[in-house]
Amino acid sequence: MTLRPRSEAERDFAEAIEYYIAEETPQSARRFKEEVDRVRHLIAEDPYRYPPDNDNVRAWPLDRRFPFRILYTIDSEEEIGIIAIYHNRRNTKYVKRRL
């Protein structure tokens, strides 16, 4: 399946990278990027692994080192929409407005 990140998800990713560079280390930012890439690959291979919620949104957690989830929808048999890369402490209502 093809992953299609929405602009808001790309912004979420950029903000998280900036945070890790500024507040931790460039190596942390690199590891975060690698983990996001790894999970995106897993989502493309097995998009049905996690069940959808009432809004048909699925959440795939990153490794426990990074308290984030990738929210996505299966838009068709060939396309997955990445809605957000959000911190676990954020309220999902914030993300649901993007639907």
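The axes of H1 and H2 come within 7 Å and cross at roughly 150° (axes are lines fitted to C-alpha atoms, for helices over the stretch in contact, with angles from 0 to 180 degrees between N-to-C directions). H1 and H2 are therefore roughly antiparallel to each other (over 145 degrees; under 35 is roughly parallel, 65 to 115 roughly perpendicular, the rest oblique). On the H1 side, the contact (heavy atoms within 4.5 Å) is made by Phe13, Ala16, Ile17, Tyr20 and Ile21. H2 brings Pro26, Ser28, Ala29, Phe32, Lys33 and Val36 to it. By class, nine of these residues are nonpolar, one is polar and one is charged.

The model is predicted: local features need pLDDT of at least 70 and side-chain atom pairs 80 or more, while totals for chains, interfaces and linings use all residues. Numbering starts from 1 along each chain as its sequence is written, and side-chain values use heavy atoms, without hydrogens and water.

The two helices also lie on strands (DSSP runs of at least two residues in E, against at least four in H or I for helices). H1 lies across E1, E3 and E4, at about 35° to E4. H2 lies across E1, E2, E3 and E4, and runs at about 30° to E3.

These four strands form an open sheet in the order E1-E4-E3-E2, with mixed pairing (two strands pair if DSSP finds at least two bridges). E1 (2–5) and E2 (58–61) are at the edges with a single partner strand each, so one side of each has no neighbour in the sheet. Neighbouring strands are turned by 35° against each other on average, direction ignored.

The largest nonpolar core holds 20 residues (buried Ala, Val, Leu, Ile, Met, Phe, Trp, Tyr and Cys joined through side-chain atoms within 4.5 Å; buried is under 20% relative accessible area, exposed over 50%, partly exposed in between, with a 1.4 Å probe and protein chains only). Phe32, Ile43, Leu62, Phe68, Ile70, Tyr72 and Ile82 have the most contacts inside this core. H1 (7–23), H2 (26–45), E3 (68–74) and E4 (79–87) each supply at least two of its residues, and H2 gives the most, with five. Another core, of six residues, lies apart from it; among them are Val57, Leu71, Ala84 and Tyr86.

Tyr72 of the largest core touches Ile43, Trp60 and Ile82, among others, leaving out residues up to four places away in sequence.

Notes:
Nonpolar A, V, L, I, M, F, W, Y, C, P; charged D, E, K, R; others polar.
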